[in-house]
Amino acid sequence: MVTSTKARRRPPWGVYLVLLPTFALLAAFAYYPALNGMVHSLFEWRPGFESPFVGFENYLTMLGDDLWWASFRNIGIIFVWAVTLMWVFPLLAAELVMSLSSERLRFVFRTLLILPLAFPAVVNVLLWQFMYDPRDGVINSLLRAMGLEGLAGNWIGDPDTALVALMTIGFPWVASLPFLVFLSALQNVPAEIYQAAEVDGAGRLRRFWSIDLPMMFRDVKLLFVLAVISVLQYGMQAHIMTGGGPDNATQVPVLRMLDAAFVDTSWGYAATLGTVLFVLTLAVSLVALTLGRKADA
């Protein structure tokens, strides 16, 4: 009986054949580029030309790159913003949707709130770039119409406001992955738990702290890991709207890497920065996952 159970649990060999194309694509488009970048980081890489081996010279150059290290300060600010304000509004929206008594209304509002996810991210950034326009932008136009001309400004052209302007893109950030995760977690809470809390006289706030948050703990850990990865790879918005300026106020590691490659044409050094960023992302993700498993134990 034990032997038959083990045989029944063993996946058929055909399953592995089905997975082979997936592993082949991962090897070609994920593992190979990462390993190739690590190798090129040891060379003064000039695509199409002779590339002399320089060992760890590029890494020594990186240690003295003040702009590279300064960019991590902006990443730290973006990360704190991403796991605080950019979670509060989606969590509030998920709670409000789940508070609706009608299942049809829940479906309608859920659909309306996640519909903007269907729009390309670049379109969203370009829309906000128009809104931030210092002359004809929606924000400054509204301020002038309200008689608050003194508050109007060059939002992405001022070093003091450029980074905050970038982080505000997509406000109130409801059409996002955190909203979907929070909503899914709340939907998976058994109705009997809510009924028992209601019988005990637990109010809405008490239910949130005693039931909703503990039940969402695993999902929050997943979001935290994803936030680490996405923030370390952050750069698309800054590349389109500011290019890392003004005065490097919105410089981030990804932009520094792109500048090294396409502006300075230091391809080997760019490969070095990419390698360090990859290793850092992998290390932080593994640490976060390990701590999460220990918390579950």
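# Helices and loops of a predicted model

Student: In this predicted model, how many residues does α13 have, and what distance does it reach from its first C-alpha to its last?

Tutor: Helix α13 covers residues 217–232. At 1.5 Å a residue, a span of 22 Å is expected for α13. The helix comes close to that, with 16 residues and a reach of 23 Å.

Student: At what angle do α4 and α13 pack, and how far apart are their axes?

Tutor: The crossing of α4 and α13 is right-handed. On the α4 side the contact is made by Ile75, Ile78, Phe79 and Ala82, and on the α13 side by Phe224, Ala227, Val228, Val231 and Leu232. The two helices pack at an angle of about 145°, and their axes are 10 Å apart.

Student: What does α4 reach from end to end, C-alpha to C-alpha?

Tutor: Helix α4 runs over residues 66–82, which makes 17 residues.

Student: Within what arc do the buried residues of α4 fall?

Tutor: The buried residues of α4 are Trp68, Ser71, Asn74, Ile75, Ile78, Trp81 and Ala82. They line one face of the helix, because seen down the axis of α4 they fall within an arc of 115°.

Student: Which exposed residues does the face of α4 turned away from its buried side carry?

Tutor: Exposed means a relative accessible area over 50%. On the face of α4 turned away from the buried side, the exposed residues are Asp66 and Arg73.

Student: Which residue caps the N-terminal end of α4?

Tutor: The cap is made through a side-chain oxygen. That oxygen lies 3.2 Å from the backbone nitrogen of Leu67. The capping residue is Asp65.

Student: Is Thr281 buried or exposed?

Tutor: Thr281 lies in helix α16, residues 267–296. Apart from residues up to four places away in sequence, Thr281 touches Ile229 and Leu232. The cut-off for a buried residue is under 20% relative accessible area. Thr281 has 11% relative accessibility, so it counts as buried.

Student: Against which helices do the buried residues of α5 pack?

Tutor: Helix α5 (residues 85–99) has 15 residues, and its end C-alpha atoms are 21 Å apart, which agrees with the span of 21 Å at 1.5 Å a residue. Its buried residues are Trp87, Pro90, Leu91, Ala93, Ala94, Glu95, Val97 and Met98. They pack against α4, α6 (103–114), α10 (177–187), α12 (204–215) and α13.

Student: What is omega of the cis peptide bond that joins Gly245 and Pro246?

Tutor: Pro246 lies in the loop between α14 (236–241) and α15 (253–262). A cis peptide bond also joins Phe171 and Pro172, with omega about 10°; Pro172 is in the loop between α9 (162–167) and α10. For the bond of Gly245 and Pro246, omega is about -5°.

Student: Is Asp247 buried or exposed?

Tutor: Asp247 lies in the loop between α14 and α15. Its phi is near 55°, a positive value in a residue other than glycine. With a relative accessible area of 70%, Asp247 is exposed.

Student: What is phi of Asn248?

Tutor: The loop between α14 and α15 holds Asn248. At 39% relative accessibility, Asn248 counts as partly exposed. Although Asn248 is not a glycine, its phi is positive, at about 60°.

Student: Which side chain is joined to that of Glu44 by a polar contact of 3.2 Å?

Tutor: Glu44 is in the loop between α2 (13–40) and α3 (57–63), and it is partly exposed, with a relative accessible area of 42%. Not counting residues up to four places away in sequence, Glu44 touches Ser51, Pro52 and Val54. The polar contact of 3.2 Å joins the side chain of Glu44 to that of Arg46.

Key. Residues are numbered from 1 along each chain as its sequence is written. This is a predicted model: local features need pLDDT of at least 70, side-chain atom pairs count only at pLDDT 80 or more; totals for chains, interfaces and linings use all residues. Side-chain values use heavy atoms; hydrogens and water are left out. Helices (H or I, at least four residues) and strands (E, at least two) are DSSP runs, numbered from the N terminus. The expected span of a helix is 1.5 Å times one less than its number of residues. Buried means under 20% relative accessible area, exposed over 50%, partly exposed in between (1.4 Å probe, protein chains only). The arc is that of the directions from the helix axis to the C-beta atoms. A polar contact is a pair of N or O atoms within 3.5 Å; within protein, one must be able to donate a hydrogen and the other to accept it, and residues adjacent in sequence count only if both atoms are side-chain atoms. Axes are lines fitted to C-alpha atoms, for helices over the stretch in contact, and angles run from 0 to 180 degrees between N-to-C directions. A crossing is left-handed if the near helix is turned anticlockwise from the far one by less than a right angle, and right-handed if clockwise. Contact means heavy atoms within 4.5 Å.
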